Amino acid sequence: MGMRTHLLKTNDVDLAYDVHGPSPAEGGHRPLFMIGQPMDASGFRALAARFTDRTVITYDPRGLGRSVRRDGRDDHTPETQAGDVHAIIEAVGGPVDMFASSGGAVTALALVAAHPGDVHTLVAHEPPVMPLLPDAEAALRARAGVKKAYDSKGWGAGMAAFMGLTSWQGEFTDDYFAQPAPDPAAYGMPTEDDGSRDDPLLSDRSWAVSDYRPDTAALLAAPAW
């Protein structure tokens, strides 16, 4: 079977999610839910296509892609995202196995803490939980530098700063902050400013994601592994 798209309407958001492959899955496999943040479902299409014997679920987080929010907010928080993912898991008849990447991995940690019965096996790939880093203060300063570049010069400059941040090896030392601002053209990014300042990655709209502190006790108590 191909991909089936569904719309789950709640009081404050219309959540678009896709179901790929056989349903029910062959061989008794649990559905595999793939999530990212601030990436929508389109980023998982190639990966989902590789799991031909499993039901794969992908979704657009609220406010991104096809998921239209009506709560009057434009920020992204792990707890809210976890509630949305929980609603989808209930709709598809979970529990699920989950592959969660980047900010999606933070959502997954919040989900398992709040709804421990939703997830059987979780692969949390590189959750950006900055408060837990040994150089947390410097990491948060580096994150603020990305926003500053975005605010002052637009998307290309902001994305170049973000790529410089993510490619830095080791802790953020004085050498990092002494670097000249990266050239957007060197990364294949536009140098002109399009005037927009609402990107969920480069603005502060997703800072609650990278500010998240996992509930260690709840995670250790959860049956998910």
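Predicted model: local features only at pLDDT ≥ 70, side-chain atom pairs only at ≥ 80, totals over all residues.

Trainee: Okay, and what kind of peptide bond joins Gln37 and Pro38?

Mentor: A cis one, with omega at about 5 degrees. For background, most peptide bonds are trans.

Trainee: Switching topic: which residues touch the most other members of the largest nonpolar core?

Mentor: Phe33, Met98 and Leu122 do, in a core of 29 residues. At least two core residues come from each of strands S2 (13–20), S3 (32–35), S4 (56–59), S6 (96–101) and S7 (119–125), and likewise from helices H2 (78–92) and H3 (103–114).

Trainee: And which element gives the largest share of this core?

Mentor: H3, with seven residues.

Trainee: Back to Met98, then. What is Met98 in contact with, leaving aside neighbours within four places in sequence?

Mentor: Quite a list! Among them are Leu32, Phe33 and Ile35, then Val85 and Ile89, plus Ala108 and Leu111. Val119, Thr121, Leu122 and Val123 are on the list as well.

Trainee: What does the second core include?

Mentor: That one is separate and has 14 residues, including Ala142, Ala161, Met189 and Leu202.

Trainee: Now the helices. At what angle do H2 and H3 pack?

Mentor: About 70 degrees, with their axes 8 Å apart. Angles from 65 to 115 degrees count as roughly perpendicular, so that is how H2 and H3 lie to each other.

Trainee: Which residues make the contact?

Mentor: From H2 you have Pro78, Glu79, Gln81, Ala82, Val85, His86 and Ile89, and from H3 there are Val106, Thr107, Ala110 and Leu111. By type, the residues of this contact are seven nonpolar, three polar and one charged.

Trainee: What about Thr77: buried or exposed?

Mentor: Buried, because its relative accessible area is 15% and the cut-off is under 20%. Thr77 is in the loop between strand S5 (68–69) and H2, and its side chain makes a polar contact of 2.8 Å with that of Thr80.

Methods
Residues numbered from 1 in each chain as written. Heavy atoms only, no water. Core = buried A, V, L, I, M, F, W, Y, C linked by side-chain atoms within 4.5 Å. Buried < 20%, exposed > 50% of the residue type's maximum accessible area, 1.4 Å probe, protein only. Helix = DSSP H or I, 4+ residues; strand = E, 2+ residues; numbered from the N terminus. Contact = heavy atoms within 4.5 Å. Axes fitted to C-alpha atoms, helices over the stretch in contact; angles between N-to-C directions. Parallel < 35°, antiparallel > 145°, perpendicular 65-115°, else oblique. Nonpolar A, V, L, I, M, F, W, Y, C, P; charged D, E, K, R; others polar. Polar contact = N/O pair within 3.5 Å; in protein donor to acceptor, adjacent residues only side chain to side chain.
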